[in-house]
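Subject: Structure for handover

Hello,

Please find below the structure I said I would pass on. My notes on it come after it.

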Amino acid sequence: MTDKQVISDYTQKLAAAAQDVNAEALEKALAALREVCARRGRIFVMGNGGSAAIADHLAADFEKNAFPNGPRPRILSLSSQAAKILAYGNDIAFEGVFSEQLKGQGDKDDVAVVVSSSGNSPNIVRAVEMAKSLGMTVIGLSGFSGGKLKEMSDISLHFECPMYEMTEDLHSMVCHLFVVGVREGGA
């Protein structure tokens with residue numbers, strides 16, 4: 001395949017997949033995010049690898065840009081807590097690096113935004129279980145077949161996409177829609 005064909009194929013598939021975003025689920029996610037911010041609840045975001053970078057990016061953009069003239073939302077990326085991740089990974093198990101953080105900080109009616117291409121990483125599944133046991137709303141972003149995350153999420157934003165790069169592009173798009181949608185929408 002030529003470079004031109006690779007570029008054309010990728011961008012066409014990405015555009016088509018972006019059009020398939022579940023608008024109803026996205027509207028529910030925006031409503032949940034607006035509501036938790038309005039009552040000064042907390043939003044926890046998490047993911048592994050590229051999904052961790054997406055979680056960190058969401059936390060930064062959302063805190064800075066969702067309410068530029070109002071009180072900053074309370075959002076934290078659990079993926080960026082290196083000391084905690086290493087402590088829990090070493091002392092308990094890597095499967096608990098997010099669930100243990102939620103156990104210590106999460107409250108009923110907080111929101112967990114969980115990003116995972118496969119939806120099956122053991123630490124992601126445990127985090128969702130913990131979030132649900134605490135009474136949190138879980139917004140799950142998944143790709144491929146969606147895995148357990150798709151089934152366990154209260155609000156699932158799933159893209160049936162078999163490619164990590166494209167799945168991560170789509171998850172980044174959704175996270176940007178969270179920021180823009182909360183800032184501009186809701187009327």
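What follows is a short account of the sheet, the helices around it and a few single residues.

Please keep in mind that this is a predicted model.

The model has an open sheet of five strands in the order 2-1-3-4-5, and the pairing is parallel. Strand 2 (74-77) and strand 5 are at the edges with a single partner strand each, so one side of each has no neighbour in the sheet. On average, neighbouring strands are turned by 15 degrees against each other, direction ignored.

Strand 3 (residues 111-116) runs parallel to strand 4 and is joined to it by six bridges. Within that pairing, Ala112 stands opposite Val138, and Val115 has Leu141 as its bridge partner. Strand 4 is also joined to strand 5 (residues 155-158), by four bridges, and these two strands run parallel as well. There, Ser142 stands opposite His158.

Connections and helices on the sheet

From strand 4 the chain crosses through helix 7 (residues 147-152) to strand 5, in a right-handed β-α-β crossover. A right-handed β-α-β unit is also made by strand 3, helix 6 (residues 122-133) and strand 4. Helix 6 lies across strand 1, strand 3 and strand 4, and runs at about 165 degrees to strand 3.

Helix 3 (residues 50-65) packs on the sheet too, where it touches strand 1, strand 2 and strand 3. The direction of helix 3 makes about 160 degrees with that of strand 2.

Helix 1 and helix 8

How do helix 1 and helix 8 pack? Helix 1 (residues 3-19) and helix 8 (residues 164-184) have their axes 10 Å apart and meet at an angle of about 45 degrees. Helix 1 is therefore oblique to helix 8. Their crossing is right-handed. On the helix 1 side, the residues in contact are Tyr10, Lys13, Leu14, Ala17 and Ala18. These meet Glu165, Met166, Asp169, Leu170 and Met173 in helix 8.

Leu177 is in helix 8 as well. Its relative accessibility is 32%, so Leu177 counts as partly exposed. Leaving out residues up to four places away in sequence, Leu177 touches Leu26, Leu30 and Val182. Gln101 is 76 residues from Leu177 along the chain, and the C-alpha atoms of the two are separated by 26 Å.

Two residues with positive phi

Arg40 is not a glycine, yet has a positive phi of about 65 degrees. Arg40 is found in the loop between helix 2 (23-38) and strand 1 (42-46). With 37% relative accessibility, Arg40 counts as partly exposed.

Phe144, also a residue other than glycine, has a positive phi near 45 degrees. Phe144 is placed in the loop between strand 4 and helix 7, on the path that leads from strand 4 to strand 5. The relative accessible area of Phe144 is 22%, so Phe144 is partly exposed; the cut-off for buried is under 20%.

Regards

How values were computed. Residues are numbered from 1 along each chain as its sequence is written. This is a predicted model: local features need pLDDT of at least 70, side-chain atom pairs count only at pLDDT 80 or more; totals for chains, interfaces and linings use all residues. Side-chain values use heavy atoms; hydrogens and water are left out. Two strands pair if DSSP finds at least two bridges between them. A crossover is right-handed if, with the strands pointing away from the viewer, the path from the first strand over the helix to the second runs clockwise. Axes are lines fitted to C-alpha atoms, for helices over the stretch in contact, and angles run from 0 to 180 degrees between N-to-C directions. Angles under 35 degrees count as roughly parallel, over 145 as roughly antiparallel, 65 to 115 as roughly perpendicular and the rest as oblique. A crossing is left-handed if the near helix is turned anticlockwise from the far one by less than a right angle, and right-handed if clockwise. Contact means heavy atoms within 4.5 Å. Buried means under 20% relative accessible area, exposed over 50%, partly exposed in between (1.4 Å probe, protein chains only).
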